[in-house]
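Visitor: I am new to this structure and would like to go through it by asking. Please show it first.

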Amino acid sequence: AVVMNQYLMEHESVPLISVSSTSGALASAIEYPYFARMPQDNSLLSSALIFILKTFDWDTVCIGHEDSPNGTWLHDYFDNKASHEGIAIGNDHQHRAFHTVQGVLGDKTEVLEMLSNMRQSKCRIFAYFGTSHPVFQVLEVQHDLGLWGEGFLQIATEWISNWSQKASTDGGAESHLKLEHVLEGALGLFPPTFQNTLGEEVKRRVVSSYQNFDNFSFYSFDAGMLLAHTVLAINQAGETVTEHQMFMQKLREQTFDGATGLFHLVEDTNDRKPIGFQVYNIQDGAVAHIGNYHPESGTAKFLFAEPVWPGHDDSAPDAVDDTKCDFYDSEAEFRPFARKELVYACLLGLFVTIAVTVSTFLVKPNTYPPLLTPTRAQPLDFGVVLSILFDIIVLVPFSPSFGHADQALKKSLSI
């Protein structure tokens with residue numbers, strides 16, 4: 001929508017009413033005078049996300065974003081707003097974007113570097129800005145790396161509502177990781193469900209005709225109503241519209257009750273009056289509505305129950321945890337890769353190998369203790385065996401780290 005609107009603005013000056021665009025880059029009616037949209041501006045998403053972080057006293061969050069105009073804008077807006085609200089971003093700025101090609105995740109090495117940086121920050125709260133399919137691919141890699149389960153939390157943004165609606169109709173074919181196994185305990189921000197009389201009638205007719213339904217059906221219906229109200233207002237006033245600018249001016253004056261509730265464009269913007277978000281929690285493989293967020297009230301009241309946390313933990317995860325860092329298996333404690341210790345161990349093993357080997361030239365076979373007396377091996381052979389056994393004993397404590405890292409890397413790259 002951003003690219004299309006820029007083209008129409010520069011070359012045609014054709015009015016454009018969007019039923020799906022949420023990018024904050026299109027908010028200004030002065031910069032984009034021929035544009036209007038039915039959904040709310042997604043800058044509100046950042047406000048809702050920050051409110052959730054503050055509600056549970058989380059002062060740090062790791063974020064990632066799709067390398068798209070909308071994903072980049074939303075990341076920059078959230079980064080700026082979080083800094084003013086005292087919320088720290090755990091991962092480095094250069095390790096936040098993930099590229100997509102036609103809606104599919106591109107370089108997975110880039111994702112591994114991003115998640116590795118998140119792991120090093122020891123951050124436990126994660127949020128991603130982007131469309132559902134590439135974000136879910138990122139989640140698969142994160143799952144394989146063990147940044148998951150008890151002690152970790154996903155705060156799902158705009159991608160979760162489209163994915164959950166798709167999962168409910170096709171069994172979650174978007175990914176081999178099912179909702180109940182992957183996002184259990186996650187918090188999600190959903191656009192409101194429109195439950196007025198007109199909205200229910202629109203939903204009934206769409207479902208009966210097309211079987212599939214999402215919020216875009218509401219927005220499409222209200223876009224038609226906006227055009228109808230605009231034309232009706234022009235006819236009733238007996239006016240003749242000869243320029244697109246005059247038409248847009250009349251369109252911006254319209255107020256009506258539609259399928260999405262009261263619709264009215266805020267002055268000097270292309271955005272409707274905010275309708276807020278519903279706060280959901282993934283419980284037993286289903287979405288449970290636990291609260292609401294609206295910018296005018298600035299509060300969210302949990303309506304039905306407290307959240308169920310990942311792993312059915314009794315308390316909310318910490319924003320940063322220095323006591324444990326899971327890398328592959330969230331049930332097994334990860335021992336950090338200790339390069340310096342490994343070098344010392346190898347040098348020590350090499351020293352012992354040389355020492356034992358040299359000593360075998362000086363020690364007679366009959367001087368060995370009874371249990372170690374070589375029956376058929378020469379002293380040199382027996383010294384080498386001892387040194388190899390010593391090397392194995394020294395290096396065994398490091399093997400789980402290498403095993404987990406190698407397994408996780410191979411599995412992630414094969415997705």
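Visitor: In which helix is Asp79 found?
Guide: The model is predicted, so local features need pLDDT of at least 70 and side-chain atom pairs count only at pLDDT 80 or more, while totals for chains, interfaces and linings use all residues. Residues are numbered from 1 along each chain as its sequence is written, and side-chain values use heavy atoms, with hydrogens and water left out. Helices (H or I, at least four residues) and strands (E, at least two) are DSSP runs numbered from the N terminus. By that numbering, Asp79 is in helix α3.

Visitor: As what does Asp79 count in terms of accessibility?
Guide: Buried means under 20% relative accessible area, exposed over 50%, and partly exposed in between (1.4 Å probe, protein chains only). Asp79 has 22% relative accessibility, so it counts as partly exposed.

Visitor: Which residues does Asp79 touch, not counting residues up to four places away in sequence?
Guide: Contact means heavy atoms within 4.5 Å. With residues up to four places away in sequence not counted, Asp79 touches Ile89, His93 and Arg96.

Visitor: What separates the C-alpha atoms of Asp79 and Ser46?
Guide: Along the chain, Asp79 and Ser46 are 33 residues apart. Ser46 is one of the buried residues of α2. The separation of the C-alpha atoms of Asp79 and Ser46 is 9.0 Å.

Visitor: How do α2 and α3 lie to each other?
Guide: Axes are lines fitted to C-alpha atoms, for helices over the stretch in contact, and angles run from 0 to 180 degrees between N-to-C directions. Angles under 35 degrees count as roughly parallel, over 145 as roughly antiparallel, 65 to 115 as roughly perpendicular and the rest as oblique. Helix α2 (residues 43-55) packs on helix α3 (residues 69-84) at about 45 degrees, with the axes 9 Å apart. That angle makes α2, relative to α3, oblique.

Visitor: How do the residues of the contact of α2 with α3 divide?
Guide: From α2 the contact takes Ser43, Leu45, Ser46, Ser47, Leu49, Ile50 and Leu53, and from α3 it takes Trp73, Leu74, Tyr77, Phe78, Lys81 and Ala82. Ala, Val, Leu, Ile, Met, Phe, Trp, Tyr, Cys and Pro count as nonpolar, Asp, Glu, Lys and Arg as charged, and the others, Gly among them, as polar. The residues of this contact therefore divide into nine nonpolar, three polar and one charged.

Visitor: How many of the 13 residues of α2 are buried?
Guide: The buried residues of α2 include Leu44, Ala48 and Ile52. The helix is mostly covered, and its buried residues number ten.

Visitor: How are α4 and α5 placed to each other?
Guide: Helix α4 (residues 108-121) and helix α5 (residues 132-144) have axes 10 Å apart and pack at an angle of about 55 degrees. The two helices, α4 and α5, are therefore oblique.

Visitor: How many residues in the contact of α4 with α5 are polar?
Guide: The contact is made by Val111, Leu112, Met114 and Leu115 of α4 with Val138, Val141 and Gln142 of α5. Six of the residues of this contact are nonpolar and no residue is charged, while the number of polar ones is one.

Visitor: Which residue just after α9 takes a positive phi?
Guide: Helix α9 covers residues 215-236. Just after α9 comes a phi of about 65 degrees, and the residue that takes it is Gly238.

Visitor: What percentage of the residues of the protein count as buried?
Guide: The protein has 13 helices and 14 strands. Of its 415 residues, the buried ones make up 45%.

Terms used: Expected span 1.5 Å × (residues − 1).
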